[in-house]
Every structure is written in structure tokens, then in C-alpha cells.
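Me: Please take a close look at one part of this structure. Keep the answer brisk, and carry on from there to other sites worth checking.

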Amino acid sequence: MPRHLFIAGAGTEIGKTYVTAALTRRLRAQGRTVWALKPLASGVPPLDDPAFADSDTARLLAAQGIPVSPESVAACSPWRFAAPLSPDQAAAREGRELALADLAAWCRERMAQAQGTLLIEGVGGLMSPVTDEATGLDWLKALDVPALLVAGSHLGAISHALTACESLRLHGVPLRAVVVSESPDAPAPAEIVAAAIRLRVTAPVFCLERGGPCPDGLAALVRG
Ligand SMILES: Nc1ncnc2c1ncn2[C@@H]1O[C@H](COP(=O)(O)OP(=O)(O)OP(=O)(O)O)[C@@H](O)[C@H]1O
Ligand SMILES: C[C@H](N)[C@H](N)CCCCCC(=O)O
Ligand SMILES: [Mg+2]
């Protein structure tokens, strides 16, 4: 069984980085070797901007106990774009281009070389564009790794999560688990949202409360 995981989202800004960081901390506390990567990131300020501390890259490096430096940032997130847009649009604003083949090759090389487990965070939602032609789903399929799907608990999150699960199923991507990360001002408890998803998918569904730690059981599903 593959030991690496792709952290996909049912949408953007719903907790992929939060869940990835929480899982990374839990695995490290268990003495496991784990690397959290955000290979492609948009909305990233320059390293010398104080706002960089809130970036996905900075949060994932912190969870791994790695100080921010030009080298560590490049090793975690080689493709970074400033505009808070889908990566293809953000790249176009900078007159840059990104090819799925290069992105996938970089990830495959890291997976092949890695001691321990890689957690690779995607961008936005499962089918957010990553290049002019490819979506996050194309990227995930090119890596041949299972998905961990992160969903919110906001109104509409159940449909977003189930739509993503169904897309993964139709494309033959194994779904290791779903994590419902509690959204701010959600009208129903996150556990109610998780229960509604649990009824309709075969993968385990976990619930992560606002500010909560990695759910028990999630770390146990990560191999390696
Ligand atoms: N369970 C949670 N408890 C506390 N804060 C959370 C939780 N889930 C998400 N957040 C916060 O909500 C915001 C958005 O979450 P996060 O950055 O993890 O989303 P994302 O899905 O990774 O977004 P992106 O698509 O930009 O990568 C962040 O400030 C994050 O810290
Ligand atoms: C800027 C944001 N936080 C993410 N980095 C990019 C989200 C792209 C979503 C595109 C879409 O699906 O409409
Ligand atoms: Mg993120």
C-alpha cells in the first residue's frame, strides 16, 4: 500500500493546511518520519513580508519543526505565486507558466526519495485549475497516491464533500479518509455534517473541531 497521501480539498480555505499540520504534528509526536509539502501555492507573500508567516508553506514548515529560510521554503513549495487566485491565473499575472508534467515529476521524485511519509497538500478544491489545462484531480491522478479529503462544515459542505468523493471514485482514486474541519459560524455541529457524509461514503470520516487536534484514528491510517 502507498505510504504517501495527497491532501485534497472539497473547496478552498476549508482546512487542508490546518489538517495537514495537525496530522504532521501528531505523527512526529509518535516518532514517525513525515514531510508535509505544498508544492504549488498561490497567494504567497514574499519571504520578508510579515504576512508570510500565515502562508501554507510557513505553517507546514512550523509543523515539521523546520525554520523558514529560502532553501526550506523552496524545498517545501517550489512553485509559489503572489496573487490569491487559482495557480494558473496567478502564474499568468507573473508572466509565468506551469506544466503538470513538471509538477508531477517533482512530486514523484520526492516520493521516491522520501524516508517516511509525504503529505502533499493540493490547491483549492479537488477540481480547481492548477495549470492552463490541468485540475487538481489530474495532478492527483498523475501521482498515483490515495487522497485524504478535507471538507468544511459550513452550509453546503455536505454536497461539496460528496461531490468530491464521487469524482475520486469515478476516477479510480483511492480515498483513505474524509476529515470535516469545523467552519466558523457553521449552522450545525461539525459532527452532524460528518455523520451525513459517513452515511454515504465507505471511507472513514473524521471530525476536527475548531482549534482541535488531529482526530484519534486519523494518524493510524497513515502508513510508513
Ligand atoms: N479546525 C480548524 N480549527 C481552527 N482553525 C481552522 C480549522 N480549519 C481551518 N482553520 C483556519 O481557517 C483558515 C483556512 O484554513 P486552511 O488555510 O487550512 O485552508 P486550506 O483549505 O488549506 O486553504 P487553501 O485552499 O488556501 O490551501 C486558516 O486560517 C486556518 O487556520
Ligand atoms: C488563494 C487561495 N487560498 C488558494 N491558494 C487558491 C484557491 C483557488 C480556487 C480556484 C477555484 O476553484 O475557483
Ligand atoms: Mg492550504
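Reply: Start with Val-205, which sits in strand E8 (residues 205–208). Helices (H or I, at least four residues) and strands (E, at least two) are DSSP runs, numbered from the N terminus. This is a predicted model: local features need pLDDT of at least 70, side-chain atom pairs count only at pLDDT 80 or more, and totals for chains, interfaces and linings use all residues. Residues are numbered from 1 along each chain as its sequence is written, chains are lettered from A and ligands numbered from 1 in the order in which they are written, and side-chain values use heavy atoms, with hydrogens and water left out.

Val-205 has a relative accessible area of 7% and is buried. Buried means under 20% relative accessible area, exposed over 50%, and partly exposed in between (1.4 Å probe, protein chains only). What does Val-205 contact, leaving aside neighbours within four places in sequence? The partners are Val-178, Val-180, Ala-194, Ile-197 and Arg-198. Contact here means heavy atoms within 4.5 Å. Ile-192 is 13 residues from Val-205 along the chain, and their C-alpha atoms are separated by 11 Å.

Now the aromatic rings. Rings of Phe, Tyr and Trp (its six-membered ring) pair if their centres lie within 6.5 Å; planes under 30 degrees apart count as stacked, over 60 as edge-to-face and the rest as tilted. The count is two aromatic pairs. Phe-6 and Trp-139 are edge-to-face, at 5.0 Å centre to centre with 90° between the planes. Phe-6 is in strand E1 (residues 5–9) and Trp-139 in helix H6 (residues 136–143), so this pair links distant parts of the chain, 133 residues apart. Phe-6 is buried at 2% relative accessible area. Trp-139 is buried at 0%.

Trp-79 and Trp-106 have ring centres 6.2 Å apart and planes at 85°, so this pair is edge-to-face. Trp-79 belongs to strand E4 (residues 79–81) and Trp-106 to helix H5 (residues 100–113), 27 residues apart. Both Trp-79 and Trp-106 are buried.

Last, the metal. Thr-17 (OG1), Asp-56 (OD) and Glu-121 (OE) coordinate the magnesium ion (ligand 3) at 2.0 to 2.2 Å. Donors are N, O and S atoms within 2.8 Å of the metal (3.2 Å for Na, K and Ca); water is not among the atoms, so sites may look incomplete. The donor residues are spaced T-x38-D-x64-E in sequence. Asp-56 lies in helix H2 (residues 56–63) and Glu-121 in strand E5 (residues 117–121), so the two tie together parts 65 residues apart in sequence. Asp-56 is partly exposed, at 24% relative accessibility. Glu-121 is buried, at 1%.
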